[in-house]
Amino acid sequence: MCGCQLDKMSTLDATRAELALVVLYLNKAEARDKICRAIQYGSKFLSNGEPGAAQNVDKSTSLARKVFRLFKFVNDLHGLISPTPQGTPLPIILLGKSKNALLSTFLFLDQIVWLGRSGIYKNKERTELIGRISLFCWMGSSVCTSLVELAELGRLSRSMKKLEKELKNTDKYQNEAYNDKLKKSNERSLAFVKAGMDIVVAVGLLQLAPKKVTPRVTGGFGFVTSLISCYQLLPSPTKSKTF
């Protein structure tokens, strides 16, 4: 009897701990935004640009997400003026700062788009133009991100090969420095894939290749990158369990 009660208590404690992590996760505005993004692009995938309930969910969720991003441009503005880690090559620094500048511009212009689509700002044509400019900025920031991640992966690969030579007669996976670099490499690989897919999403939203990048393709890619973003925001212990 006591054994059963102890099992129930341990199960309850484990459930409480898991729920605490869920609450912590959902308390992040960024996490809620990415969940809404998954709903938005999932709806776009289902609607394929056709009128109906799915397209209504896509449009309403898109507008709702803009509220989550109010004043968020300050984050990348701060990143733009912040010093970079010592030893970072100049091309990577320039790409990183370009990404910050473009993303900050996108988020700032996105607020004007929200004002226009909410009916506060009345100039519809200018709202649409600003919306397109903002999407080009987002696409540019995604290109910069993919190039930064690719360059950083190259740097990590070289340092890992050098470390492997030093650990030739030992188990490299028992080495903390090697495992740390391996973890960073996995994270950057995922970020590179996400940035590359986001470029396709931007092309779809801007309708630069409407025959190839249809609303369904845009929705599918956007849904996957949203799930990646949700995963990236998970607390570290949970990430290690999901791998």
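For my notes, a patch is made of residues with over 30% relative accessible area and no salt bridge, with like charges joined within 9 Å and nonpolar side chains (Val, Leu, Ile, Met, Phe, Trp, Tyr) within 5 Å. Accessible areas are Shrake-Rupley with a 1.4 Å probe, and for residues only the protein chains shown count as cover. A salt bridge here is a side-chain nitrogen of Lys or Arg within 4 Å of a carboxyl oxygen of Asp or Glu.

**Ground rules.** I'm working on a predicted model, where local features need pLDDT of at least 70 and side-chain atom pairs count only at pLDDT 80 or more, while totals for chains, interfaces and linings use all residues. Residues are numbered from 1 along each chain as its sequence is written, and side-chain values use heavy atoms, with hydrogens and water left out.

**Nonpolar patch.** I looked for greasy surface and got Ile35, Ile39 and Val57, which together have about 200 Å² of accessible area. Ile35 sits in helix 2 (residues 29-47); helices are DSSP runs of H or I, at least four residues, numbered from the N terminus. At 31% relative accessibility, I log Ile35 as partly exposed, since buried means under 20%, exposed over 50%, and partly exposed in between.

**Salt bridges.** I found 13 of them in the structure. Glu30 and Lys34 pair at 3.7 Å, N to O. Why about one helical turn between them? Because Glu30 and Lys34 are four residues apart in helix 2. Lys34 is buried at 13% relative accessible area, whereas Glu30 is partly exposed at 27%.

Glu30 also bridges to Lys72, with the closest N and O atoms 2.7 Å apart. That pair links distant parts of the chain, 42 residues apart: Glu30 is in helix 2, Lys72 in the loop between helix 3 (53-68) and helix 4 (73-81). I then traced the network of salt bridges: Glu30, Asp33, Lys34, Arg65 and Lys72 are linked in it.

Next I checked Arg37 and Asp198, whose side chains meet in a salt bridge at 3.2 Å, N to O.

**Lys97.** Which side chain of opposite charge is nearest to Lys97? It's Asp76, 9.8 Å away, so I file Lys97 as buried with no salt bridge, counting Lys and Arg as positive, Asp and Glu as negative, and leaving out His and the chain ends. Lys97 belongs to helix 5 (residues 90-117). A polar atom of the Lys97 side chain does lie 3.1 Å from the backbone oxygen of Leu80. Skipping residues up to four places away in sequence, Lys97 touches Gly79, Leu80, Ile81, Ser82 and Thr84; touching means heavy atoms within 4.5 Å.

**Leu205.** I placed Leu205 in helix 7, partly exposed at 27% relative accessibility. The C-alpha atoms of Leu205 and Phe136 are 9.7 Å apart, for 69 residues along the chain.

**Positive phi.** Asn48, in the loop between helix 2 and helix 3, has a phi of about 55°. Phe71, in the loop between helix 3 and helix 4, has a phi near 65°. I have Asn48 as partly exposed at 29% relative accessible area, and Phe71 as exposed at 60%.

Conventions:
Helices (H or I, at least four residues) and strands (E, at least two) are DSSP runs, numbered from the N terminus. Buried means under 20% relative accessible area, exposed over 50%, partly exposed in between (1.4 Å probe, protein chains only). A polar contact is a pair of N or O atoms within 3.5 Å; within protein, one must be able to donate a hydrogen and the other to accept it, and residues adjacent in sequence count only if both atoms are side-chain atoms.
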